[in-house]
Amino acid sequence: MIAATYSIPAILVFATSALLILGGAIGVISVANPVHAAICLITTLFGVAVAFIAQQADFLAAVQIIVYAGAIVVLFLFVIMFLGVDQKFHVSAEPLVGQRAFAVAGVVVTVGGLITLMASSHWVSGATSVSGSPLDTGNGNVKQLGTAVFTTYLYAFEVTSALLIIAVVGAVLLARRERASTNEEVDA
Amino acid sequence: MNVAVDPLLAHGVNGWGVILLILVIRLLVGFGALMGAVTMMIWFERKAISDMQSRIGPQRWGPFGILQTLADGIKLFFKEDLVPSESDRFVFKLAPYLALVPAIITFAIVPVGGTLHIAGHAVMLQIANPPIGILVLLAMSGISVYGVMLAGWASGSKYPLISSVRASAQMISYEAALGITIVTVVLVSGSLSTHAIVTSQGGGIWHWNVIRLGVVPFVIFWMAITAELHRPPFDVVEADSELVGGFNTEYSSIRFALFYMAEFMNTITMSAIIVTLFFGGPAGWIPDVAHLKWVFPIIWFLLKTVFFCFCYIWFRAALPRFRYDQVMDLGWKRLIPLSLGWMLVVAGFIVKPAWGFIMAAAVLLASVVLGRAFMLGSSRESGVDSVLPPVGRRPLPEDVLRAMSEGEEE
């Protein structure tokens with residue numbers, strides 16, 4: 001019944017990416033060792049990249065790997081290695097009182113909403129979410145995206161980059177100490 | 001469909017048998033050639049560096065010791081495979097493959113020659129020509145960090161861990177400069193696909209990107225890629241005088257061989273990528289010989305690639321290793337601003353010469369400001385005292401540590 005709307009390779013690709021995403025995601029929250037959790041996270045990111053390629057969003061897939069798997073998770077691992085992975089955390093203690101109840105409620109609402117959406121709309125049609133001229137012209141994909149980012153959404157794009165810069169400068173300011181204050185502390 | 005970038009797949013499903021056969025043969029030939037090239041590269045490096053250091057080098061196996069790598073490989077296969085007791089077993093075994101696989105995949109996007117016509121099909125001499133093209137290089141160099149990083153961490157030993165922390169910091173730092181110079185190349189080529197990048201450089205030596213872009217991007221790219229390879233002079237990751245052997249200290253037998261192979265495979269691949277991006281790939285003079293015209297682009301490509309492979313060996317023999325902080329300074333304070341400024345100037349000139357000069361003026365102004373900032377920065381206090389104390393308690397209070405170390409000296 002499903003094969004009527006999907007081609008066999010499409011199903012295989014979807015199954016692979018779904019397995020990667022779900023397996024990785026379950027791994028992230030269930031594995032005790034933080035480094036193993038980071039590896040599971042990479043698996044999830046790869047799954048998402050495969051899903052992007054199946055939707056013919058090649059550029060997004062590449063960026064997914066370059067930015068998330070190639071830089072962000074590396075930074076996670078970097079921090080984990082600096083702090084040391086041997087520390088045992090007490091999972092039974094609740095740092096935020098009542099967070100478990102809220103988490104369960106959140107999961108119920110999200111999953112319920114997703115199921116209702118999928119049941120009521122035509123999301124699961126087997127077609128790519130974008131179709132038409134940009135997909136037919138080879139690497140028009142990248143050009144379309146670039147044009148959109150640097151013309152239509154230029155303002156949002158620049159504001160985002162300014163935000164990132166502010167965050168970096170802020171982090172440096174917070175972490176560095178001025179010479180004057182050092183001297184005061186030494187005197188005191 | 002996007003796969004139509006490769007002419008083999010453009011006609012859809014018609015005649016899949018032949019196309020599949022060509023695809024498989026192309027893949028096998030590519031893989032085999034790369035493996036063969038790795039053994040040759042290892043021999044070449046050992047022989048060339050021993051010549052530069054007035055030694056004899058490998059000489060036992062085969063003429064000029066050319067089979068030395070094979071003998072080493074067999075030896076490594078039969079050695080005992082040790083997994084340290086302190087190690088994380090799964091990650092320890094996974095890491096060598098994470099280093100090797102990206103090295104193989106990156107080579108797939110390198111155009112080795114022109115287009116052949118076999119049985120009525122146009123066959124690109126390039127294993128894959130994905131629409132994202134050169135981004136595969138960035139993605140794979142991002143992934144190959146994990147090989148080094150996880151190997152060092154999983155070994156459960158101090159020096160490999162230091163090495164892997166260094167490796168991750170170094171590779172992230174240089175990836176920025178690498179990416180920006182690739183953007184410069186993509187700007188003039190107008191496409192991400194490596195095939196299009198190479199064809200845009202056809203038509204003579206003046207169209208090669210190294211000259212078209214004004215040498216600077218090439219130099220930045222070369223430095224950044226050498227740092228990504230962690231080859232000398234950027235080999236702080238494997239600095240044997242500080243870190244024993246770096247991230248692979250605890251590895252033995254076939255897993256060590258995999259790391260070794262990955263390193264040399266990366267060297268070849270990155271030489272090939274340099275040739276592709278800046279030296280026209282297989283472009284070159286083609287003499288008018290019937291039926292053999294397709295051979296000459298391949299020969300040109302091989303010659304150029306071997307030249308850059310040789311340069312890496314040359315670097316190793318001639319240049320002293322950078323200190324770790326020098327590596328970081330070079331990456332962040334020199335290469336990233338320079339590549340960014342050069343990219344802006346190139347982009348300006350592509351739009352209009354007038355814009356190019358405006359951009360050049362702006363970049364000059366920015367570099368003056370940056371230079372002033374560096375001057376102020378270098379006169380600032382640095383070291384432990386300039387950073388806020390960490391949240392939480394250190395393993396031992398600092399004065400206790402200091403007292404201990406001073407006591408030992410006396």
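These notes cover aromatic contacts and backbone features in a predicted model.

1. **Aromatic pairs overall.** Start with the rings. Over all chains, a search of the whole structure gives 22 aromatic pairs. One of them joins Y251(B) and F259(B). Its geometry is edge-to-face, with 4.9 Å from centre to centre and 80 degrees between the planes. Y251(B) and F259(B) are both buried.

2. **An aromatic cluster in chain B.** One cluster is built from W208(B), F218(B), F221(B), W222(B), F278(B), F279(B), F307(B), F308(B), Y312(B) and F315(B).

3. **A cis peptide bond.** Check the backbone at P232(B) and P233(B). The peptide bond between these two prolines is cis, with omega about 0 degrees. P233(B) sits in the loop that runs between α8 (216-228) and α9 (240-243) of chain B.

4. **Positive phi at H230(B).** H230(B) is not a glycine, yet its phi is positive, near 35 degrees. The residue belongs to the loop between α8 and α9 of chain B. Is H230(B) buried or exposed? H230(B) counts as buried because its relative accessibility is 8%, and the cut-off for buried is under 20%.

5. **Positive phi at S253(B).** S253(B) is another residue other than glycine with a positive phi, here near 55 degrees. Where does S253(B) lie? It is in helix α10 of chain B, which covers residues 253-278. S253(B) has a relative accessible area of 3%, so it is buried.

Definitions and conventions:
Residues numbered from 1 in each chain as written. Chains lettered and ligands numbered in written order. Predicted model: local features only at pLDDT ≥ 70, side-chain atom pairs only at ≥ 80, totals over all residues. Heavy atoms only, no water. Phe/Tyr/Trp six-rings, centres within 6.5 Å; stacked < 30°, edge-to-face > 60°. Buried < 20%, exposed > 50% of the residue type's maximum accessible area, 1.4 Å probe, protein only. Helix = DSSP H or I, 4+ residues; strand = E, 2+ residues; numbered from the N terminus.
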